Amino acid sequence: MSAGLRRGLADLTCRALQAILPPSLQSWGWAIRCETANIPDDTKALLFAIQGLCGLMPRAIASHLLQPFASLFGEGTPLPGGSTTMSIVQATMCRPRTIGIACAIAAVALGIVYLAIAGAPMRYLGVNAGALVIGLTMLALLGGSPAADQRWMGAAIVAAAGTLLATAFLGADVDGAARWVRLGGLAVQPSLILVPVMLVAFSRCHDVLATAGIVAAAAAMALQPDRAMAGMLALCLAARAITDRDRHAIAALAAGVASFAATLARADTLPATPYVDQILYSSFQVHGGAGLAVWGGLALLLLPAVIGWRRDAENRATYVAFGMVWLAAMLAAGLGNYPTPIVGYGGSAIIGYALSLLALPKLASAGASAVSRTPDATDSTQRDRTLRVGLA
Amino acid sequence: MSRTRALSPHARIVLAILLEAGGRWSHGYELARLADVKSGTLYPLLIRLEAQGYLEAEWQQPVDGGRPPRHAYRLTATGVQLAQANPPGDAAILNSRRREATI
């Protein structure tokens, strides 16, 4: 092979590497190309380029594979390093919302395992799987919309509170409790869908509108009445008031406690529903595997809060709120005849869990600082122009 | 709290070479030769070290006209600490010095 051909192949290899690298790693593609061009020996230059291509190809492929999920995971972050598997794991750990999506999918899968072992009707399994698809679709659609923007959070909380109040007055009544809305033959519980996302969003929102929305939601829980959701409000707002003692937090907490007290004062006579309520204890009686699926699935629900709290100090209030919301739902399921979230039959909690991920940051703050070091597209273009002149 | 996973022998030797260079800038081909690692091993490592703040990189314009610019690297203060805390094994140092002497 002639020296010219070897040099040409080396340059071609470098160009191929640049073509497959994501924008965030383009400068490294240029680095290898320029370094190759500086190696006097043609054979060594060719080997250098080929080895560089082979070494960075897994990272480039991983980046392209993750690209379709960029709107869910958070855009533009380079994979931090190591093997492809480690890169994906590390990149995921910086993305609380991605962790939440993975936990939601795993928990719903474990719930379906429980339902299957427990002999639940096949329709129940389909409803839970369908709810997951609906929830994740809504998350993808709303994840990048202005509604997820802080400016619109207050208005969104008020709108959700209005829906809860409407359910209290117009919803389907069962034994004196008006918590459900009939949609296509299914009884949907709006509070399980809306209250979690409202509470997690409220942890990031400090304005009168959002506070008014939470107070209205507390009133709706007292009117329905729903002891479990009122307890969720009280517990989450108490945590918010401890970490952030502003007047909005105190006012919301007062409303939450009053709502919970009101629900405690009224008897809740609803019996347990099979595959929905009281499954924390009964699942182990069905089968050991069913019990493990239920408890394992519930543990997964808290994982985004635990990981986010440890890795993203700037947004700890949000992770505390997220954790408290779902811990409260679990406590309610353990203490009374209230739905066991995600792992029991019922799509409302599944959609609610997916929607509550909207309030989690796409990218942990530590990851965000790493991104800020990555040159943006304009910088890259400018630098690339200079490099092309140098290589010409 | 973020954790740094255990460094590979290659990472340790590259860090040691960069540490030995002090404040002097090093280039990719030079590092690959001295550490006896392939560029496919070296660059992912450099990318990771740079992303984690252990390494700084800059583009250097060529001294001779007609040559392309070069990407150069040196350790940051935290990178120096990392390199000092993770020295390569004795055998790796000996091999590295032997190779350096024969270049």
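**View 1. Chain B, read along its sequence, follows the pattern α-β-α-α-β-β-α-α.** The model shown here and in the other views is predicted. Chain B has 5 helices and 3 strands. Of its 103 residues, 38% count as buried. Among contacts in chain B between residues at least 6 apart in sequence, 61% join residues at least 24 apart.

**View 2. Helix 1 (residues 3-20) of chain A packs against helix 2 of chain A.** Their axes are 9 Å apart and form an angle of about 175 degrees. Because angles over 145 degrees count as roughly antiparallel, helix 1 of chain A is roughly antiparallel to helix 2 of chain A. On the side of helix 1 of chain A, the contact is made by A:Ala10, A:Cys14, A:Leu17 and A:Gln18. Helix 2 of chain A contributes A:Gln26, A:Gly29, A:Ile32, A:Arg33 and A:Thr36. By class, the residues of this contact divide into 4 nonpolar, 4 polar and 1 charged.

**View 3. Helix 2 (residues 26-38) of chain A is largely enclosed by the rest of the structure, because 10 of its 13 residues are buried.** The buried residues of helix 2 of chain A are A:Ser27, A:Trp28, A:Gly29, A:Trp30, A:Ala31, A:Ile32, A:Arg33, A:Cys34, A:Glu35 and A:Thr36. At 1.5 Å a residue, helix 2 of chain A should span 18 Å. Its end C-alpha atoms are 19 Å apart, which agrees.

**View 4. Helix 9 (residues 190-202) and helix 11 (residues 227-243) of chain A have axes that come within 10 Å.** The two axes cross at roughly 5 degrees. Because angles under 35 degrees count as roughly parallel, helix 9 of chain A is roughly parallel to helix 11 of chain A. From helix 9 of chain A, the residues in contact are A:Ser191, A:Val195, A:Leu199 and A:Phe202. From helix 11 of chain A, they are A:Met229, A:Met232, A:Leu233, A:Cys236 and A:Arg240. The contact of helix 9 with helix 11 has 7 nonpolar, 1 polar and 1 charged residues.

**View 5. The largest nonpolar core holds 94 residues.** Within this core, A:Met198, A:Leu233, A:Cys236 and A:Val325 touch the most other members. Leaving aside its neighbours within four places in sequence, A:Met198 is in contact with A:Ile157, A:Ala160, A:Gly213, A:Ile214 and A:Ala217. A second, separate core of 45 residues includes A:Leu46, A:Ala49, B:Leu49 and B:Leu82.

**View 6. A cis peptide bond runs from A:Gln224 to A:Pro225.** Its omega is near -25 degrees. A:Pro225 is found in the loop between helix 10 (208-223) and helix 11 of chain A.

**View 7. A:Gln278 has a positive phi, near 60 degrees, and is a residue other than glycine.** A:Gln278 is placed in the loop between helix 12 (247-265) and helix 13 (279-286) of chain A. With 19 other C-beta atoms within 10 Å, A:Gln278 is partly exposed.

**View 8. A:Ile342 has a positive phi of about 70 degrees, although it is not a glycine.** A:Ile342 lies in the loop between helix 15 (316-335) and helix 16 (347-356) of chain A. With 30 other C-beta atoms within 10 Å, A:Ile342 is buried.

Terms used: Residues are numbered from 1 along each chain as its sequence is written. Chains are lettered from A and ligands numbered from 1 in the order in which they are written. This is a predicted model: local features need pLDDT of at least 70, side-chain atom pairs count only at pLDDT 80 or more; totals for chains, interfaces and linings use all residues. Axes are lines fitted to C-alpha atoms, for helices over the stretch in contact, and angles run from 0 to 180 degrees between N-to-C directions. Helices (H or I, at least four residues) and strands (E, at least two) are DSSP runs, numbered from the N terminus. Angles under 35 degrees count as roughly parallel, over 145 as roughly antiparallel, 65 to 115 as roughly perpendicular and the rest as oblique. Two residues are in contact if their C-beta atoms, placed from the backbone, lie within 7 Å. Ala, Val, Leu, Ile, Met, Phe, Trp, Tyr, Cys and Pro count as nonpolar, Asp, Glu, Lys and Arg as charged, and the others, Gly among them, as polar. A nonpolar core is a set of buried Ala, Val, Leu, Ile, Met, Phe, Trp, Tyr and Cys residues joined through C-beta atoms within 7 Å. A residue is buried if 20 or more other C-beta atoms lie within 10 Å of its own, exposed if 12 or fewer, and partly exposed in between; C-beta atoms are placed from the backbone. The expected span of a helix is 1.5 Å times one less than its number of residues.
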